[in-house]
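Let's take a friendly walk through one protein model, a few residues at a time. Have the sequence and the 3D view open as you read.

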Amino acid sequence: MSDHEPHAPAQLTEALHRRLERIERLLEPEKPERPAWRSVTLGEQRWAVSVAILVAVGLQLALPTRLTIHPHWMLPALELALLVALAVLNPHKRIDQTSRLLRLMSLAMVAVISLANGWSAVKLVRDLIHTSASPGALALLGTGGAVWATNIIAFSLWYWEWDRGGPAARAQGVKAYPDFLFPQMQQEGIAEPGWEPSYPDYLYVAFTNACAFSPTDTMPLSVWAKLLMMTQSAVSLITVVLVVARAVGILQ
């Protein structure tokens, strides 16, 4: 009998135990990976959204007085005051903390921009429908373009402010589910680890929605996101169709 034969049962038992352990590991349910939108990230810088607000204020001041709420400068001045107040109360370069006051002021600023542009859009549509006399085609296209561009900025700010509770809440990863699903949140390897949407991403969503009248690469998931995108598409469609139709009529 060989010297190794007495140890054969022990070796077989050990090999059997190893195989059973491997089978148990395979049968264990995999732990769900932490979704990208629950990760804690650095807050985004505020310069991009500040530039967009300044552009919106400039476009509102450039509109004809008949299309704005009087006095002409009141709402743009209020928007600038709120922007300065937000910068003073939260002077950090990155938006990673918030308070109820800051949140309300930020939402109020977006609401004022939307109110001013909504008023201008309604007045412009009314003039196009009920007024026979109209400015030249270039002036009309310029006015309609300003209203259309401000509409894009206003809705991009709403998307930016409401998606997962706003920029500060997104940086903290507190919300369980996203309102907008960006491609970078679905597939690994197409963006840096810890990628987080910033204002330019929401501006792109608003621009493509205004041009295509539908979502493109970023999908709205929540009801409010779908309703906002639907409203923006409707406003954009009405503005573009009426302005272009009147401009073509003038040129003919």
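We can start with D179, which is buried because its relative accessibility is 3%; buried means under 20% relative accessible area, exposed over 50% and partly exposed in between, using a 1.4 Å probe and protein chains only. A word on the background: this is a predicted model, where local features need pLDDT of at least 70, side-chain atom pairs count only at pLDDT 80 or more, and totals for chains, interfaces and linings use all residues. Residues are numbered from 1 along each chain as its sequence is written, and side-chain values use heavy atoms, with hydrogens and water left out.

D179 sits in the loop between α6 and β3 (180-181). Helices (H or I, at least four residues) and strands (E, at least two) are DSSP runs, numbered from the N terminus. Leaving aside neighbours within four places in sequence, D179 has contacts (heavy atoms within 4.5 Å) with several residues, including W162, R164, S222 and W224.

| Residue | Phi | Loop |
|---|---|---|
| R164 | about 55° | between α5 (137-162) and α6 (167-172) |
| F213 | about 60° | between α7 (199-212) and β4 (219-220) |

R164 is buried, at 2% relative accessibility, whereas F213 is partly exposed, with a relative accessible area of 33%.

Next, look at a pair of helices. The axes of α2 (residues 47-62) and α3 (residues 74-89) come within 9 Å and cross at roughly 165°; axes are lines fitted to C-alpha atoms, for helices over the stretch in contact, and angles run from 0 to 180 degrees between N-to-C directions. That crossing angle makes α2 roughly antiparallel to α3, a label for angles over 145 degrees. Among the residues that meet are I53, L54 and V57 in α2 and L80 and L83 in α3.

In the loop between α2 and α3 you will find P71. The peptide bond from H70 to P71 is cis, with omega near -5°.

How values were computed. Angles under 35 degrees count as roughly parallel, over 145 as roughly antiparallel, 65 to 115 as roughly perpendicular and the rest as oblique.
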